[in-house]
Amino acid sequence: RPVWERYESRLDTRQVDLGGFDGLLATVAADGVELRSIAALAADPERDRRLWELDWQLFQDVPLGTVLTKRPFEAWVKQELEDPTFAPELSFVALRPDLDDPLTGPYVGYSTLGRNPAGFFSIGMTGVRRADRGRGIAKALKVAAMRALAAAGGGEIRTFNDRPNVAMLEMNRALGFVRGPTHLRYELKLGGPA
């Protein structure tokens, strides 16, 4: 029986007016937040560890329908940042330069894009720490990625969100993503001894 629904949404950067988000980016910048690609942060010796800690904080609030375990740092780096499909130049971090959190430093949110061998890009994690939510930062991170992809020639982006993640589903709709197929997770209960 189906026990979980995940929705796929799609957007082609070549068919969206990305200039329509100038106001959003200006508002986020006026709030003291800078958006930088993960590639541009390569000189930060703490980048990977800060992203690992931030990723774990953000995943605590994602309605996945499963229990999570924090991956060891080395495993997370190998599976995320060293994944050959990961696009660091199209993935962005939100920073508050005046913030120095003991675990995440100035990093307050991030969004990743990866290249799928089928020819499209997919969004991995997008999230913002609790203290900075509701300010448009997550939306601005996705816009930054969309603009970077458009500048590199454009392409289709697909994102996958679970049914309970209403806030992200609505954000994607507002950005121009169009709902596609629904992916189902099934559960089979086997009978006990006769």
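1. The largest cavity is lined by S111, L113, I123, K142, A145, M146, I157 and F177. Two elements give two or more residues each to this lining, namely β4 (107–115) and α4 (137–151). Helix α4 supplies the largest share, three residues. Please keep in mind that this is a predicted model.

2. Now to the charged pairs, where the count comes to 14 salt bridges. One of them joins R147 to D22, with the closest N and O atoms 2.3 Å apart. This pair links distant parts of the chain, since R147 sits in helix α4 and D22 in helix α1 (residues 22–30), 125 residues apart. R147 is partly exposed at 27% relative accessibility, and D22 is partly exposed at 44%.

3. Do have a look at D55 and R71, whose closest N and O atoms are 3.9 Å apart in their salt bridge. D55 lies in helix α2 (residues 47–59) and R71 in the loop between α2 and α3 (73–81), so the pair ties together parts 16 residues apart in sequence. D55 is buried, at 5% relative accessible area, whereas R71 is partly exposed, at 25%.

4. R115 and E89 also form a salt bridge, the closest N and O atoms being 2.4 Å apart. R115 belongs to strand β4 and E89 to the loop between α3 and β3 (92–95), 26 residues apart.

Note on methods. Residues numbered from 1 in each chain as written. Predicted model: local features only at pLDDT ≥ 70, side-chain atom pairs only at ≥ 80, totals over all residues. Heavy atoms only, no water. 1 Å grid on protein atoms, 1.4 Å probe; cavity = no way out; pocket = protein on both sides within 12 Å on 5 of 7 lines; lining within 4 Å. Helix = DSSP H or I, 4+ residues; strand = E, 2+ residues; numbered from the N terminus. Salt bridge = Lys/Arg side-chain N within 4 Å of Asp/Glu carboxyl O. Buried < 20%, exposed > 50% of the residue type's maximum accessible area, 1.4 Å probe, protein only.
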